[in-house]
Amino acid sequence: MNVLVINLVKATFNARSTNRYRLEEYSRLVDKMFVVVWTKEKEEPIVWQNKLFIYPTNSKFRLLYFLDSLRLAGKIRKKHGLDLVLTQDPFETGLAGWIIAGWFRLKLLMQIHTDFLSSYFWKESLLNKFRVFLAKILVRKAHSLQVVSERIKKSLLPITRYPLLVTTLPIFIDIKKIQVMPIKENLHQKYPQFDFIILMASRLSREKNIGLAIRTMAEVVKKYPKAGLVIVGTGPERENYSLLITHYSLLNNVILENAIPFEQLISYYKTADLFLLTSNYEGYGMAVTEAMAAGCPVIMTDVGLAGEILENNKEGMVVPVGNKEKLVEAISNLIENKELREQLTDNALEKVKNFPTKEEYLANYKKLLEGCH
């Protein structure tokens, strides 16, 4: 089977990126995998072990992504033949994939990593409103959908055509690798001024609603002045969050760090007292699972894997989206109750024991691809 992938991730050209590593693993499951990446930069095509072929569109304008994708798909099909088109989302790449699949009479598999039917996604921007409208059409055109959580699957069922195959398959997380990684940097040693450290690791974008965490800390430190929040990540909202920290006089309690390597982040998970996720919506929430595997108790909003992988008061604590009062209450509870933190951690470690191994995951992924063929 030859698979064409329409991709937005520029890191695909980085041989050390996790996205590249995943594509290399997936390409072993098929005859050949061809990845068309939407780029405006002058990237060079890449061939890996005659299995994975990565082509940049190198488009002059964003509007040419579609035409350049179609052009490259035509060349690939003529030279190698194609059986399946896989798209990264049901939005722009989904539209391109649908056109290509229809043009060349191929099967279409759409991946959905975002809970786009969440009201918060809709409200976020005019572009998102258009994307929801587009996705509701495109999910009915696909032959199969891959979603990353049961939450997304349930939201899609009313708008998909029967008997469309919807498969829940999150991105693989290597639990054992996380658990055996040594601690190379201890957060309490790095920030000795804090006696309780809350960690966030996230892209600094609007949907992550890190502003809620900062406003919550303004209340938490009134009672626990030595509590600290360490936020790790980069993104378009960084300057706004920096201003918010200053506005609430939290320069001594909230630290903004840049993105760090995965190995260092695991050390952060293992030495923090609590991991916090305050997103308005999530497809899944990989950072939560990583924190669970690393033995860090979790508080998260009711998004993504909440209720599926992490149940409230069992593997962690779940609070309503945007509710500062409930978040303050949950954080205060865990600061004061070490026994509860340990109980949540033990339950979380027990839950992740049942996660698939790499071999099991790849077998499931291969089955997903073959089911579309």
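Gln 49 is exposed, with a relative accessible area of 55%, where exposed means over 50% relative accessible area, buried under 20% and partly exposed in between, for a 1.4 Å probe and protein chains only. Gln 49 sits in the loop between β3 (46–48) and β4 (52–56), and although Gln 49 is not a glycine, its phi is positive, at about 50 degrees. Most residues other than glycine have a negative phi.

The model is a predicted one, in which local features need pLDDT of at least 70 and side-chain atom pairs count only at pLDDT 80 or more, while totals for chains, interfaces and linings use all residues. Residues are numbered from 1 along each chain as its sequence is written, and side-chain values use heavy atoms, with hydrogens and water left out.

Asn 313 lies in the loop between β13 (298–301) and β14 (317–319), and Asn 313 has a positive phi of about 65 degrees although it is not a glycine. Asn 313 is partly exposed, with a relative accessible area of 47%.

From these loops we can turn to the chain as a whole. Taken along the principal axes, the C-alpha atoms of the chain fill a box of roughly 65 × 40 × 40 Å. Of the 373 residues of the chain, 55% count as buried. Among the contacts in the chain with a separation of 6 or more, 65% are between residues 24 or more positions apart, contact meaning heavy atoms within 4.5 Å.

The packing of helices gives a further view of the fold. Two packed helices are described by the angle between their axes and the distance between the axes. Here the axes are lines fitted to C-alpha atoms, for helices over the stretch in contact, and the angles run from 0 to 180 degrees between N-to-C directions. Helix α9 (residues 210–223) and helix α13 (residues 324–336) pack at an angle of about 50 degrees, with their axes 9 Å apart. That angle makes α9 oblique to α13, since angles under 35 degrees count as roughly parallel, over 145 as roughly antiparallel, 65 to 115 as roughly perpendicular and the rest as oblique. On the α9 side the contact includes Leu 212 and Val 220, and on the α13 side it includes Leu 327 and Ile 335. The residues of this contact of α9 with α13 divide into 6 nonpolar, 1 polar and 5 charged, where Ala, Val, Leu, Ile, Met, Phe, Trp, Tyr, Cys and Pro count as nonpolar, Asp, Glu, Lys and Arg as charged, and the others, Gly among them, as polar.

Helix α9 also packs against helix α10 (residues 238–247), the two axes coming within 10 Å and crossing at roughly 10 degrees. This makes α9 roughly parallel to α10. Ile 210, Gly 211, Ile 214 and Arg 215 in α9 meet Tyr 241, Leu 244 and Ile 245 in α10, and by class this contact has 5 nonpolar, 1 polar and 1 charged residues.

Helix α13, in turn, packs with helix α14 (residues 338–352) at an angle of about 100 degrees, with their axes 5 Å apart. This makes α13 roughly perpendicular to α14. In that contact, Asn 333, Leu 334, Ile 335 and Glu 336 in α13 meet Lys 338, Leu 340, Arg 341 and Leu 344 in α14.

Ile 335, in helix α13, is buried, with a relative accessible area of 17%. Not counting residues up to four places away in sequence, Ile 335 touches Phe 196, Val 220, Tyr 224, Ala 227 and Arg 341.

Two more residues complete the walk through the chain. Arg 20 lies in helix α1 (residues 18–27) and is buried, with a relative accessible area of 6%. Thr 167, in strand β8 (residues 165–168), is partly exposed, with a relative accessible area of 22%.

Methods:
Helices (H or I, at least four residues) and strands (E, at least two) are DSSP runs, numbered from the N terminus.
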